[in-house]
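Subject: Structure for you to look at

Dear colleague,

I am handing over the structure we spoke about, and I would be grateful if you could look through it before reading my notes. Please open the file alongside this message.

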Amino acid sequence: MSDYISHDHEHDGIDRRGFLQCMAWAGTGLLWTVSGGVLASRTLAQIAKTGDLLPTATDLSFLQISDSHIGFSKEANKDVTETFKIALDRINAMPTPPSFLIHTGDITQLSKPEEFDTFDEVLKSCRTKDVFYVPGEHDVLNDGGKLYRERYLKSVEAKGSGWYSFNKNGVHFIGLVNVLDLQAGGLGQLGDEQLEWLEADVKGLSASTPIVVFAHIPLWAVYPQWGWGTSDSERALGYLKRFGSVTVLNGHIHQVLQKVEGNVTFHTAMSTAFPQPAPGTAASPGPMKVPAEKLRSLLGLTSVQYKQGKTALAVVDSNLS
Amino acid sequence: MTTLTPKNKRAALLCGVAFLNLSVFALAGQMKNVDSTKQNRIEIKDFAFNPKTITVKSGEKITWINRDEEPHTVVSVEKQFKKSSALDTDQEFTITAGAPGTYTYFCSVHPKMTGTIVVEK
């Protein structure tokens with residue numbers, strides 16, 4: 001395909017393809033669609049080439065935010081409350097507000113009551129009021145998650161250490177806890193009780209029900225050397241194998257990574273606080289300092305859209321630049 | 001016979017002081033075996049305990065200090081000693097080594113991080 005303008009309806013020197021190519025060049029988008037069980041991932045540059053349409057009208061759209069780490073104040077980001085506010089501003093500026101938010105953990109840096117207080121206070125500015133949570137290891141540091149559970153599970157019927165499921169517009173959502181009772185030398189862990197619950201929870205569902213699973217630590221082996229994985233996630237995914245569309249949303253690693261395995265799409269979100277190094281590229285994981293002008297390009301949120309009857313699910317990341 | 005000139009006297013005194021110092025040092029060396037104030041330090045850096053294995057005498061203190069920007073904990077695998085709370089950057093945690101034996105511990109936040117304490121008599 002040539003780079004010449006083929007359709008310049010607005011006479012502004014840029015056509016739709018050119019605009020999308022430019023957006024893609026700026027690193028603003030990667031689009032995931034699941035259609036008829038076949039998944040395709042294309043950059044916006046490729047979409048510009050093929051002329052495929054971006055998703056328009058949807059029956060359900062929700063947003064994933066993650067790893068806000070309220071209380072962190074080191075070099076990697078001295079004002080994580082401010083960048084969290086910017087993320088909320090982005091949500092408030094969306095032409096169609098999301099139905100709800102999912103927070104995939106590490107609300108706070110040190111599980112302190114005052115950190116949870118700050119998070120709750122800032123969140124009040126968000127137009128979207130429904131938020132579903134799963135805890136990160138930073139939220140359960142000294143009390144096994146007691147304070148977290150008291151605050152963030154009021155609107156759901158949580159079981160055990162805080163796992164639950166709910167239905168929205170024909171999509172079945174499952175929030176899992178994999179940051180508690182971790183074993184020496186191991187990874188994230190779901191545990192027998194939660195896995196048994198999961199098996200029973202999805203048993204009665206039709207295989208055509210779209211499933212969205214969310215948990216803090218990735219449910220796939222992103223980089224076990226850094227603890228970026230969950231030891232018993234295979235068993236969980238075994239219970240979901242028969243479903244035609246499974247989307248797994250995780251946080252913890254503060255960067256976007258995807259993997260597709262059969263009908264399962266795995267996706268990790270950016271943090272609103274600070275980036276972490278790509279797997280294996282540093283001595284260890286942890287907050288990564290980047291030039292100040294680059295920070296917001298590495299922070300962001302994830303938008304997920306589902307259109308009923310089309311079996312289509314789109315996951316789109318956007319940064320805070 | 002050598003007479004003690006003022007200069008010689010000074011040399012003799014210095015010798016005596018040096019001898020006394022050596023004695024004190026030797027005594028301190030012996031005391032070290034049972035010194036409960038000795039600090040055995042383990043640095044937590046880059047998601048690892050350094051040194052990973054430490055050998056101490058029963059009754060000595062062991063102190064961990066967190067040099068990461070991530071919180072870490074020190075938890076006995078077999079619950080043989082009190083666990084730390086989450087240590088923020090530059091925070092310390094100290095225990096006193098108990099009965100001789102081998103103790104394994106880990107960070108309950110990042111369980112890949114493990115370490116061993118060998119306590120001798």
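For the complex, the predictor gives an ipTM of 0.80 and a pTM of 0.81. Chain B has an average pLDDT of 81, and 69% of its residues score at least 70. Two stretches of chain B call for caution: over residues 1–6 pLDDT stays under 50, and the model has two contacts beyond four places in sequence for them, while over residues 11–32 pLDDT likewise stays under 50, with one contact beyond four places in sequence. Where pLDDT is low, the predicted coordinates should not be read in detail.

Turning to the fold of chain B, its secondary structure comes to one helix and eight strands, and along the sequence these follow the pattern α-β-β-β-β-β-β-β-β. Of the 121 residues in chain B, 24% are buried. Among the contacts in chain B with a separation of 6 or more, 47% are between residues 24 or more positions apart.

Four strands of chain B form an open sheet in the order β3-β8-β7-β5, with mixed pairing. Its edge strands are β3 and β5 (75–76) of chain B, each of which pairs on one side only. Strands of a sheet pair through backbone hydrogen bonds, either parallel or antiparallel, and both senses can be followed here on strand β8 of chain B. With strand β3 (residues 53–57) of chain B, strand β8 (residues 114–120) of chain B pairs in the parallel sense over five bridges; within this pairing, B:T55 has B:V118 as its bridge partner, and B:K57 stands opposite B:E120. With strand β7 (residues 101–106) of chain B, β8(B) pairs in the antiparallel sense over six bridges, and there B:T104 stands opposite B:T116.

The two chains meet in a contact that takes 16 residues from chain A and 18 residues from chain B. On the side of chain A that touches chain B, the residues divide into seven nonpolar, seven polar and two charged.

In chain A, strand β12 (residues 300–307) is mostly covered, with six of its eight residues buried. Strand β3 (residues 60–65) of chain A pairs with β12(A) in the antiparallel sense over five bridges, and A:L60 has A:Y306 as its bridge partner in β12(A).

Finally, which residues have the most contacts inside the largest nonpolar core? That core has 83 residues, and the ones in question are A:L176, A:V212, A:V213, A:F214, A:A215, A:L219 and A:V248. Strand β8 (residues 211–215) of chain A contributes the largest share of this core, namely five residues. For A:V248, once its neighbours within four places in sequence are left aside, the residues in contact with it are A:V213, A:L219, A:V264, A:T265, A:F266 and A:H267.

With best regards

Terms used. Residues numbered from 1 in each chain as written. Chains lettered and ligands numbered in written order. Predicted model: local features only at pLDDT ≥ 70, side-chain atom pairs only at ≥ 80, totals over all residues. Contact = placed C-beta atoms within 7 Å. Nonpolar A, V, L, I, M, F, W, Y, C, P; charged D, E, K, R; others polar. pLDDT = per-residue confidence, 0-100. Helix = DSSP H or I, 4+ residues; strand = E, 2+ residues; numbered from the N terminus. Buried ≥ 20, exposed ≤ 12 C-beta atoms within 10 Å, placed from the backbone. Pairing = 2+ DSSP bridges. Core = buried A, V, L, I, M, F, W, Y, C linked by C-beta atoms within 7 Å.
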